[in-house]
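Please look over the sequence and the model shown here before reading on.

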Amino acid sequence: MSAHARGHPSRPCAHSKVQRWQRSRTWARLIREAEALWHVDVRELHRLAALELSQLLEEVPPGLRPRVNRWLEGYHVHTRL
């Protein structure tokens, strides 16, 4: 039985909004963590951070980028998509 048939027409929409919110927050947190590695004075960590950050920037789905950017602003991260 569909959500609409049960009398919950907005439930799937709310659920998908929560999932998008969680994915955006997760991407922003991963980017923040990768960027935080830049503050460590170890060349190998800088190299790893650069690799991780570049990979994350390529993997964020285009549709989530504006939301991820809002989380990045909230985390006071310099990187933007």
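The buried residues of helix H3 are Val68, Asn69 and Leu72, where buried means under 20% relative accessible area, exposed over 50%, and partly exposed in between, with a 1.4 Å probe and protein chains only. Seen down the axis of H3, these residues fall within an arc of 105°, so they line one face of the helix; the arc is that of the directions from the helix axis to the C-beta atoms. The model is predicted: local features need pLDDT of at least 70, side-chain atom pairs count only at pLDDT 80 or more, and totals for chains, interfaces and linings use all residues. Residues are numbered from 1 along each chain as its sequence is written, and side-chain values use heavy atoms, with hydrogens and water left out.

- The face of H3 turned away from the buried side carries the exposed residues Arg70 and Gly74.
- Asn69 lies in H3, which spans residues 65-74, and counts as buried because its relative accessibility is 13%.
- Not counting residues up to four places away in sequence, Asn69 touches Arg80 and Leu81; a contact means heavy atoms within 4.5 Å.
- After H3 comes His76, which has a positive phi, near 60°.

**The nonpolar core**

- The largest nonpolar core has 11 residues in all: Trp27, Ala28, Ile31, Ala34, Leu53, Leu56, Val60, Leu64, Val68, Leu72 and Val77.
- Such a core is a set of buried Ala, Val, Leu, Ile, Met, Phe, Trp, Tyr and Cys residues joined through side-chain atoms within 4.5 Å.
- Two or more residues of this core come from each of helix H1 (11-36), helix H2 (43-59) and H3, and H1 gives the most, with 4 residues.
- Ala34 is in contact with Ala49, Glu52, Leu53 and Leu56, leaving aside its neighbours within four places in sequence.

**The chain as a whole**

- The chain has 3 helices and 0 strands, in the pattern α-α-α along the sequence; helices (H or I, at least four residues) and strands (E, at least two) are DSSP runs, numbered from the N terminus.
- Of its 81 residues, 21% count as buried.
- Among contacts between residues at least 6 apart in sequence, 59% join residues at least 24 apart.
- The accessible surface of the chain comes to about 5900 Å², of which 56% belongs to carbon and sulfur atoms; accessible areas come from the Shrake-Rupley method with a 1.4 Å probe, and for residues only the protein chains shown count as cover.
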